[in-house]
Amino acid sequence: MIAPKLITLENSIVNAMSELGDSHNAINMAAGYTDFHCSPRLIKLVQKHISEGINEFAPANGVLQLREKLAKKIEALYGHKYNPETEITITAGATQAIFTTLTALVREGDEVVIFEPANDSYVPAIEINGGKPVYVTLKAPDFHIDWGEVQKLITSNTRMIIINTPHNPTGKVFSELDMLRLQKIINGTRIVVLSDEIFEHIVFNGESHQSVAMYPKLAEQSIIISSFGETYHVSGWQIGYCAGPADVMNELRKVQQVMMQSVSSPFQWALSEFLDFREEYLQLGDYYRKKRDIFNELMAATRFKPILSHGTFFQLFSYEDITNESDRDFAIRLVKEAGVTTIPVSAFYHEKSKKHLLRFNFARTDEHLQMVADRLSAF
């Protein structure tokens, strides 16, 4: 009686590995949340707005004060001024923002270029809207982009290019040259760039986040997706936002008003005030760089070899010196034998080939990082 729309869709690899890990009481280095509490100041602001009775629906496009604060923040950081009334929309997290954008813009037969390894929410969202994913593989060993290859894949059916910087799962950070090449490719076309920038404040090694908002021509044809969850350690609140040109945002908002009524009112008001504390996001890169370095130093006692992360709170490790097993098989064995849950990188590719790479989330306490390294030292 039911004809499935997503015939090939598997259970989320993060959910699957986390469930397996829970059944073995494993340390969860797979899931995308942090182990840290959010700022007490933010908690007090939420409590204040709840106690003031701000419990009615928020405006469908988001609390205006929050959108105004975001517009000021983006302009201060990246130089582009978005109109908070027509060019910024608050969403129920980044994944919803991505799905809404694809639903609004992708039609049957449209092609969407994505870079693999890719977030596992991209392809299902493209396909359920009738689009066709076009895959570009990031090149080893540093996961760089061959922009000549990208140019050859552009056709009259190309509707969108999805980028993600800093990149999950590799930790790659796009360079200025990357952005200029992308800008050149879409110039004079109808292509829209969906720029997933949820880790914008978690960049290391003296690099800087290259937002599409920094490039005027790109900004004219791009939608930025970002989130408060990764920045403020509140992933479970599921509050994100989009920023982009008014004509594109208008289409996105049409879809959003059908999908949902609004996003939590008191949390939006609290975040609008908390954005005044700029140090909360400006210090995030140094905070996570130290976490990354601590974890890599601890893992030096194992046979796992890091592929240095340049951003995000994810770190890839190669296990080529340990076994020739597929990454899925080895990840499952680590759960059962070591009590550590990771993500096999092959899960982020449409063709499941051996990658010998695992993704670890190092947004964990120092105690947990030490325990993970101790458990893996036996392999």
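Mentor: Buried means under 20% relative accessible area, exposed over 50%, and partly exposed in between (1.4 Å probe, protein chains only). The model is predicted: local features need pLDDT of at least 70, side-chain atom pairs count only at pLDDT 80 or more, and totals for chains, interfaces and linings use all residues. Residues are numbered from 1 along each chain as its sequence is written, and side-chain values use heavy atoms, with hydrogens and water left out.

Trainee: Is Ser 235 buried or exposed?

Mentor: Ser 235 sits in the loop between helix H9 (229–232) and strand E8 (240–243); helices (H or I, at least four residues) and strands (E, at least two) are DSSP runs, numbered from the N terminus. The relative accessible area of Ser 235 is 16%, so this residue is buried.

Trainee: Which residues does Ser 235 touch, not counting residues up to four places away in sequence?

Mentor: The C-alpha atom of Ser 235 is separated by 7.8 Å from that of Thr 34, although the two residues are 201 residues apart along the chain. With contact taken as heavy atoms within 4.5 Å, the residues that Ser 235 touches are Gly 32, Tyr 33, Gly 229 and Glu 230.

Trainee: How many salt bridges does the model contain?

Mentor: A salt bridge is a side-chain nitrogen of Lys or Arg within 4 Å of a carboxyl oxygen of Asp or Glu. One network of such bridges links Arg 41, Glu 279 and Glu 280. By this rule, the count of salt bridges is 14.

Trainee: Lys 48 and Glu 273 meet in a salt bridge; how many residues apart are they?

Mentor: The side chains of Lys 48 and Glu 273 approach to 2.9 Å, N to O. Lys 48 belongs to helix H2 (residues 40–51) and Glu 273 to helix H11 (residues 265–274), so placed that the pair links distant parts of the chain, 225 residues apart.

Trainee: Are the two partners, Lys 48 and Glu 273, buried, partly exposed or exposed?

Mentor: The relative accessible area of Lys 48 is 32%, which places this residue in the middle class. Glu 273 has a relative accessibility of 22%, and therefore counts as partly exposed.

Trainee: In which element does Lys 139, the partner of Glu 149, lie?

Mentor: Glu 149 forms a salt bridge with Lys 139, with 2.9 Å between the closest N and O atoms. The two residues are 10 residues apart: Glu 149 is in helix H6 (residues 147–153), and Lys 139 is in the loop between strand E4 (132–137) and H6.

Trainee: Are Asp 178 and Lys 172 buried or exposed?

Mentor: These residues form a salt bridge in which the closest N and O atoms of Asp 178 and Lys 172 are 3.4 Å apart. Asp 178 and Lys 172 are both buried.

Trainee: What is the relation of helix H13 to helix H15, roughly parallel or roughly perpendicular?

Mentor: Axes are lines fitted to C-alpha atoms, for helices over the stretch in contact, and angles run from 0 to 180 degrees between N-to-C directions. The axes of H13 (residues 284–299) and H15 (residues 366–376) come within 9 Å and cross at roughly 25 degrees. That angle makes H13 and H15 roughly parallel, where under 35 degrees counts as roughly parallel, over 145 as roughly antiparallel, 65 to 115 as roughly perpendicular and the rest as oblique.

Trainee: Which residues of helix H10 meet helix H4?

Mentor: The axes of H4 (residues 94–105) and H10 (residues 246–259) come within 8 Å and cross at roughly 110 degrees. The two helices are therefore roughly perpendicular. From H4, Gln 96, Phe 99, Thr 100, Thr 101, Thr 103, Ala 104 and Leu 105 take part, and the residues they meet in H10 are Val 248, Glu 251, Leu 252, Val 255, Gln 256 and Met 259.

Trainee: Which residues of helix H11 make the contact with helix H3?

Mentor: The axes of H3 (residues 64–78) and H11 come within 8 Å and cross at roughly 30 degrees. H3 and H11 are therefore roughly parallel to each other. H3 contributes Gln 65, Leu 66 and Lys 69 to the contact, and H11 contributes Gln 268, Trp 269, Leu 271, Ser 272 and Glu 273.

Trainee: What is omega for the cis peptide bond that joins Asn 168 and Pro 169?

Mentor: Pro 169 is located in the loop between strand E5 (158–164) and helix H7 (176–186). For the cis bond from Asn 168 to Pro 169, omega is about 20 degrees.

Trainee: What is the phi of Thr 312?

Mentor: Thr 312 is placed in the loop between strand E9 (305–307) and strand E10 (314–318). Its relative accessibility is 0%, so Thr 312 counts as buried. Although Thr 312 is not a glycine, its phi is positive, at about 75 degrees.
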